[in-house]
Amino acid sequence: MKLLPAALGLVLLLLLVLNPNGVEARPAPAGGHQKKGSSATFFVFGDDFADNGNLPPTDHVTEMSRQWAYPYGSNYVDADGFPRPNTPSGRFSNYKIQSDFIATMLGLEEAPPAHARTAEKTCDPSGMTFATGGAGVLGSTSHEVPALAKQVDTFRKMVKDGTITENQLSRSVALVAFSGNDYASTGVIGLSSPNDINAYIGKVTKEIAANVDQLLKLGVTKVLVNNLHPIGCTPSHTRTNNYTTCDIFGNLGASIHNDNLKQVMTSKKNVYIIDVYTAFTNIVDHAAGKGSELSKQFKRKLSPCCESLNSKGYCGQQDESSAELLYTVCDKSSKIFYWDDMHPTHAGWEAVMKQVEKPLKVFVDQD
């Protein structure tokens, strides 16, 4: 990607529009999420990319509860391998999300249960998910949604009162997965100078680093941290050009964030940055003539499987009076990279995680 002059690029970060659209997750099986013989405990922090049920369902579907309604979870498969179509589980996707694929790498069945759907003073043997749709690093889209520090503080309290045991911590891996909600806030849009914007990005990445330090201090043995995906390639950005090209300014903003993140994480031990930016780009925005095999499996890479009829609408939206569906859904989600205007399909996440699996497992397994 060709970068524009730094000052202009920073100003163009104002163009980032990162809607906190959704998440999807399944109810926890009674016996827990841990595979027999697994020694891993997994703790998940972040936003819609990793939430598997912390945002609550509502009587009427809204943008922040759509992950509990059709068509979310439409490709769900139960623990015995049987398809259970149209089983929304609180994840913003049609089936599995990133944390589920990492959980499998750790020897677990799926991502650990959501904190909000777990009995008080208990923790599943597989760990717990604190990530919540709409969350940010510094702030969130709602006062009811915990930002990163609040999620980590909840984890801290569970460690201090013994709900999370020393044995669990001794074999623990944490994931910190944020997709950029901080850059959609009105506070960022109100910043007028490149210096102010650069300082804000630095504040976001330093806050990630501070909370990673806190997790390590509390006893987590390994921490995985996502960098920012190429947000300019999400359907929320590509819809304006009929899903033909990525927004280079949105991707530039993500690159600036990622450079800052790398700087604050370089010296930390037992921390690994998952390069989702490159993994996404290899599929949806690869250089001409250099398409990866993974990219070729997707017929559509910049448009969503589930598309709202209105550019300001959302997947799963219904007319309040007539219950008319205000969206369309593709026939073959396995051929589409994005599920909705921001989040990958199950197949999309699978293709992303295939690329990062080997180095990630090497990091987790090393002493």
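Me: In E5, which residue is the bridge partner of asparagine 226?

Reply: In this predicted model, E4 and strand E5, which spans residues 271-274, run parallel and are joined by four bridges. Asparagine 226 points from E4 to the side taken by Lys222 and Leu224, and is buried. Its bridge partner in E5 is isoleucine 274.

Me: What is the order of the strands in the open sheet of five strands?

Reply: The edge strands, each pairing on one side only, are strand E2 (127-129) and E5. Six parallel bridges join E1 to E3, and four parallel bridges join E3 to E4. With parallel pairing, the order of the open sheet is E2-E1-E3-E4-E5.

Me: Which residue of E4 is the bridge partner of valine 173?

Reply: E3 and E4 run parallel and are joined by four bridges. Within E4, Lys222, Leu224 and Asn226 point one way while Val223 and Val225 point the other way, and all are buried. For valine 173, the bridge partner in E4 is lysine 222.

Me: Is valine 44 buried or exposed?

Reply: Valine 44 lies in strand E1, where, leaving aside residues up to four places away in sequence, it touches Ala50, Ser99, Pro112, Met128, Thr129, Phe130, Ala131 and Leu175. Buried means under 20% relative accessible area. Because the relative accessibility of valine 44 is 0%, this residue counts as buried.

Me: What distance separates the C-alpha atoms of valine 44 and leucine 224?

Reply: Valine 44 belongs to strand E1, whereas Leu224 is one of the buried residues of E4. Along the chain the two residues are 180 residues apart, yet the separation of their C-alpha atoms is 9.5 Å.

Me: Which element gives the largest share of the largest nonpolar core?

Reply: That core has 50 residues, and those touching the most other members are Phe45, Phe155, Ile208, Leu215, Val223 and Val225. Two or more residues each come from strand E1 (41-46), helix H3 (148-160), strand E3 (172-177), helix H6 (194-217), strand E4 (222-226) and helix H8 (248-265). The largest share, eight residues, is given by H6.

Me: Why are H3 and H6 described as roughly parallel?

Reply: Two packed helices are described by the angle between their axes and the distance between the axes. The axes of H3 and H6 come within 10 Å and cross at roughly 5 degrees. Angles under 35 degrees count as roughly parallel, and therefore the relation of H3 to H6 is roughly parallel.

Me: How many nonpolar, polar and charged residues make up the contact of H3 with H6?

Reply: From H3, the contact takes in Leu148, Ala149, Val152, Phe155 and Arg156, which meet Glu207, Ile208, Asn211, Gln214 and Leu215 in H6. Phenylalanine 155 also touches Phe43, Phe45 and Phe130, among others. The residues of the contact of H3 with H6 divide into six nonpolar, two polar and two charged.

Me: What angle does the direction of H3 make with that of E1?

Reply: E1 is joined to E3 by six bridges, and the two strands run parallel; across this pairing, phenylalanine 45 has valine 176 in E3 as its bridge partner. H3 packs on the sheet, touching E1, E2 and E3, and the angle between its direction and that of E1 is about 150 degrees.

Key. Residues numbered from 1 in each chain as written. Predicted model: local features only at pLDDT ≥ 70, side-chain atom pairs only at ≥ 80, totals over all residues. Heavy atoms only, no water. Core = buried A, V, L, I, M, F, W, Y, C linked by side-chain atoms within 4.5 Å. Buried < 20%, exposed > 50% of the residue type's maximum accessible area, 1.4 Å probe, protein only. Contact = heavy atoms within 4.5 Å. Axes fitted to C-alpha atoms, helices over the stretch in contact; angles between N-to-C directions. Parallel < 35°, antiparallel > 145°, perpendicular 65-115°, else oblique. Nonpolar A, V, L, I, M, F, W, Y, C, P; charged D, E, K, R; others polar. Pairing = 2+ DSSP bridges.
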